Amino acid sequence: MTVKQPFETVVASHGAVVLRVCRAVLGPVDADDAWSETFLSAMKAYPELPADANLEAWLVTIAHRKAIDVLRAQGRRPIPAGDLPETTQASGAEHDDDLADALGRLPGRQKQAVAYHYLAGLPYADVAAILGGSADAARRAAADGIAALRRTYPGFAARKTAAGKAAARKEEVR
Amino acid sequence: MNTNHDLIRDLTRSTDALPGQLAGLHARLAAAAQRDGILDVAYRVIETPVGSLLVAATETGLVRVAYATENHDAVLQSLADRISPRILAAPARLDHVARELEEYFGGQRRRFDVPLDWRLSAGFRSTVLHHLPEIGYGQTASYAAVARLAGHPKAVRAVGSACATNPLPVIVPCHRVVRSDGGMGGYLGGAEAKSILLTLEAAA
């Protein structure tokens with residue numbers, strides 16, 4: 001007999017990862033709404049879900065759709081299937097070079113591939129099933145996303161170090 | 001590549017839940033599930049003089065009270081199997097029963113008037129359980145007397161098994177059923193819990 005665990009256990013086991021994915025794909029402001037819609041929708045469908053289903057992949061798939069809904073509801077451009085230019089969410093030259101912001105500025109598909117593979121831990125075959133396209137394409141999108149983040153990230157890291165050194169120098173002066 | 005590892009670690013950290021965020025989201029989910037009529041079973045755990053009691057309710061009423069010795073995780077799994085897996089820790093639906101239990105353990109309440117969902121008991125066991133509230137607060141009755149109440153004077157052992165599988169202990173007072181020879185008899189919550197309840201009721 002297949003056993004289906006109480007939905008409370010599903011929330012306890014996967015709530016944090018789904019929130020992480022929502023935060024990565026939508027940013028902190030809209031993540032709460034997407035998370036709530038994801039788990040409400042999942043709970044509705046839960047009794048019909050096959051007991052041997054991969055819960056994490058199922059939840060991330062729902063979160064992916066809910067994130068698109070949230071973006072649409074805001075009248076923003078829906079996340080398209082193809083790659084976007086890198087400037088979709090950049091508000092101008094002046095942006096805080098923080099890693100989360102850098103992630104936010106990635107093209108939708110790269111951002112999603114990074115979130116679903118690196119943050120949710122899904123294999124590329126599952127990422128491809130969510131995004132459409134092949135596992136190789138999902139792998140490339142994630143690799144491109146990581147490469148873009150690394151272009152930003154060393155700068156971020158260097159600045160942190162520089163700031164640390166400046167603070168240390170200040171200490172010495174005192 | 002080490003830098004990739006660092007990058008992913010930092011990425012993970014930058015998308016961490018804020019303190020209290022998941023608890024807030026959970027409460028919001030429970031409220032939305034209740035609103036949409038998909039919260040098939042709500043539960044909470046209440047601390048009492050007889051230990052942690054898990055209380056669970058359907059839309060119909062209180063469906064399960066479980067002692068810690070019954071293993072709350074196992075009880076929740078059995079509720080998922082027998083009623084529905086759409087189960088959440090959602091305290092609001094249990095506010096009424098929590099308040100009545102607090103009054104009961106404080107010696108200020110002699111009977112419970114929360115709505116009950118009897119679906120976890122059936123047949124003769126259910127008949128027995130329905131008769132237990134006739135044993136008044138502070139009173140006891142023998143297994144044989146309860147068998148007579150239930151209309152089957154010879155079914156003494158069946159009364160024992162009905163009590164042993166009572167899905168709503170404390171509320172449906174199987175602790176008031178004792179042995180004819182004056183012995184306390186067994187109890188699904190353990191002898192100590194039975195003794196605490198009988199002492200509480202005798203004192204009030």
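Which domains does the domain assignment give for chain B? In this predicted model, chain B is assigned domain 1, spanning 2-105, and domain 2, spanning 123-203. The C-alpha centres of domain 1 and domain 2 of chain B are 30 Å apart.

The two domains of chain B touch each other: nine residues of domain 1 are in contact with twelve residues of domain 2. On the domain 1 side of this contact, strand E3 (residues 62-67) of chain B provides the largest share, with five residues. By residue class, the side of domain 1 of chain B that touches domain 2 consists of seven nonpolar residues, one polar residue and one charged residue.

Chain B also makes a contact with chain A, to which chain B contributes 29 residues and chain A contributes 31 residues. On the chain B side, at least two residues each are supplied by helix H1 (2-14), helix H2 (21-35), helix H3 (72-82) and strand E4 (87-89). The residues on this side of chain B comprise 16 nonpolar, nine polar and four charged.

Helix H7 (residues 156-164) of chain B was examined for burial. Its buried residues are B:Val159, B:Ala162 and B:Cys163. These residues lie on the same side of H7(B) because the arc they cover around the axis is only 95°. The elements that cover the buried residues of H7(B) include helix H5 (123-131), helix H6 (143-149) and strand E6 (177-178) of chain B.

How values were computed
Residues numbered from 1 in each chain as written. Chains lettered and ligands numbered in written order. Predicted model: local features only at pLDDT ≥ 70, side-chain atom pairs only at ≥ 80, totals over all residues. Domains from an automatic or database assignment. Contact = placed C-beta atoms within 7 Å. Helix = DSSP H or I, 4+ residues; strand = E, 2+ residues; numbered from the N terminus. Nonpolar A, V, L, I, M, F, W, Y, C, P; charged D, E, K, R; others polar. Buried ≥ 20, exposed ≤ 12 C-beta atoms within 10 Å, placed from the backbone. Arc of directions from axis to C-beta.
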